[in-house]
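Hi,

Here is the structure I promised to pass on. Have a look at it first, and then read on for what I found.

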Amino acid sequence: MSGPSRIGPGIRDKAAVAGIGQTRFAKSLGLSEPEMAVEAIWNACDDAGISPGEIDGLVRYDLEETDEEQLMALLGNPSLGFFAGTPFGGGGSASVLVVAAAAITSGMARHIVVYRSRARGKTSSFGSGKNQGGRYWEKVGTKLSGLNQWHVPQGLVSAFQEMAMISQRHRIEYGTTDDQYADVAIAFRGHAIRNPNAVMRTPMTREDHHASRMISDPLRLFDCNIETDGAVAMIVTSVERARDLKQPPAVIHAGAMAAGSHHIRLSTLFSRDPDEESAPRVARQLFERADCRPADIQAAFFYDFFTSLVIIALEQYGFAPRGEGGPFVEDGGLAWPRGRLICNTNGGQLSEAFIHGFNNTVEAVRQIRGTSTAQVEGCELAFVAGGNTDPTGAVILKADR
Amino acid sequence: MKGGRAEHTTRGQPLPVPNADNAPFYEAARRGELRFQRCGACGRFRHYPRPVCPYCRSRDFSWELCGLRGEVYTWTIVRGPTLPAFEAKLPYNVVDVLLEDGVHFVSEILDCPPEEIEAGMAVEAVFQPVDEDVTLVKFRRID
């Protein structure tokens, strides 16, 4: 058997999210990424009831452009004893909590901040970094020596086009439909309408979805995440410490990470056994380490960059049998309050904001606290996954009861 | 911003730069051949090029001829946005072709209306010289 498996409970129930914070979300905020990062971190510290000076650890997305050096200066130079990053953009969104929990469990730090700040609305012009401001794929250049030489010169230039090809294959194999895509978009829009922080709050009908323009077949505009500005941060500490702080702890019950495929390399992705892709590997490890099964999860947060990928994620993480993600989402299958599996209650990245998945993670914490605007009654177990085609990760958050 | 696009936008045609790892592929394409790395131990073709077999970990490989025929495994029709270099041909297709020797290859089917593309469609590689270094591999329908 290849790959890590049955390697023990690891971080189980050792660490907790003690504070959450964010900026406003909008198509354009007129703030730089470092400024938004600091605002979100201050808010997370306030929420937890700690001072920014007590931060001694930091875990960020690898591609986060607001790095440790800038950030520590802005936070008044707290003494940082642990810092790390998780690779691959949205694939790392849940993994930052896995890494933070590992550091807390091993005693490397006491109060770890995890964050993502993103000025990516179309009109955002702050910063010239590859991952700052506007569309990253427009900055690819004309001389390609990396792996993107195998698809960009053919006109496959962006993630949404690659995801379109993955989505099309799922339709070829399982007959997934436009109506099922609409079911995902409409359910999450319904959640966003209840959430005052959400950017997209206009009701969406099936007709609205089908009438939105095709971007890259089979994906329409309303199948795609929105692009926004905003930042999100969390404070991770030990469960014991969290109990002394202001908020009820959201215990990090289990976590897993896996690499082994990469969506940009379609040529290799399609050469693999689907069970060996990153998301199914994460699912196997995660539920081996947890004391619950997918059926026990009360609120789930999938990395909803595209409606179609939510349907695929349902299958990969074991919530629906393979090929049955489409039927699973029909008839309000993901919608609050009576869905088969209530998902992305903030409106997700399709309708609330696109903070590389991290806005979904803070919403999972709200579900555990009981403070969501689409609250699952008595929610004690929430599942959060990173982007399900990248190297990815997932966590299960649990109420401290 | 110029024409609604940021200054940093790539305006030219993005092209591969042949180097030590990929040169045999592009040299073969210039001659109208498809060559991929083939493992000397387990015999499997692999693409993209890399120094070790992902299936059996052997470092023994050679660049071998691969059949030109394959079938459409999946596809998309790009309707925009896209890079300026590709805007003139919008909408255009991008396909993942499963070649007869088992390699997946991302390319485009020439002279094929978007609505006629379907999974399993039989295609054959054709070679499209761009400059003296680079020849792109495209596909055409076959009956």
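Let me begin with the overall make-up of chain A: there are 13 helices and 12 strands in it. Please keep in mind that this is a predicted model. Its scores are ipTM 0.96 and pTM 0.95. For chain B, the average pLDDT is 93, and 95% of the residues reach at least 70.

Now to the overall shape of chain A. A compact globule of 401 residues would have a radius of gyration near 21 Å, and the 20 Å of chain A agrees with that. Along the principal axes, the C-alpha atoms of chain A take up a box of roughly 50 × 45 × 45 Å. Buried residues make up 62% of the 401 in this chain. As for contacts in chain A between residues at least 6 apart in sequence, 76% of them link residues at least 24 apart.

One residue I looked at in more detail is Ala18(A), which sits in strand β1, spanning residues 15-22 of chain A. Is Ala18(A) buried or exposed? Ala18(A) is buried, because 30 other C-beta atoms lie within 10 Å, and the cut-off for buried is 20 or more. Leaving aside residues up to four places away in sequence, Ala18(A) touches Ala48(A), Ile235(A), Thr237(A), Ala242(A), Leu245(A), Gln247(A) and Pro249(A). Ala119(A), by contrast, is 101 residues from Ala18(A) in sequence, with 26 Å between their C-alpha atoms.

Best wishes

Definitions and conventions:
Residues numbered from 1 in each chain as written. Chains lettered and ligands numbered in written order. Predicted model: local features only at pLDDT ≥ 70, side-chain atom pairs only at ≥ 80, totals over all residues. Helix = DSSP H or I, 4+ residues; strand = E, 2+ residues; numbered from the N terminus. Rg over C-alpha atoms; globule rule 2.2 N^0.38 Å. Buried ≥ 20, exposed ≤ 12 C-beta atoms within 10 Å, placed from the backbone. Contact = placed C-beta atoms within 7 Å. pLDDT = per-residue confidence, 0-100.
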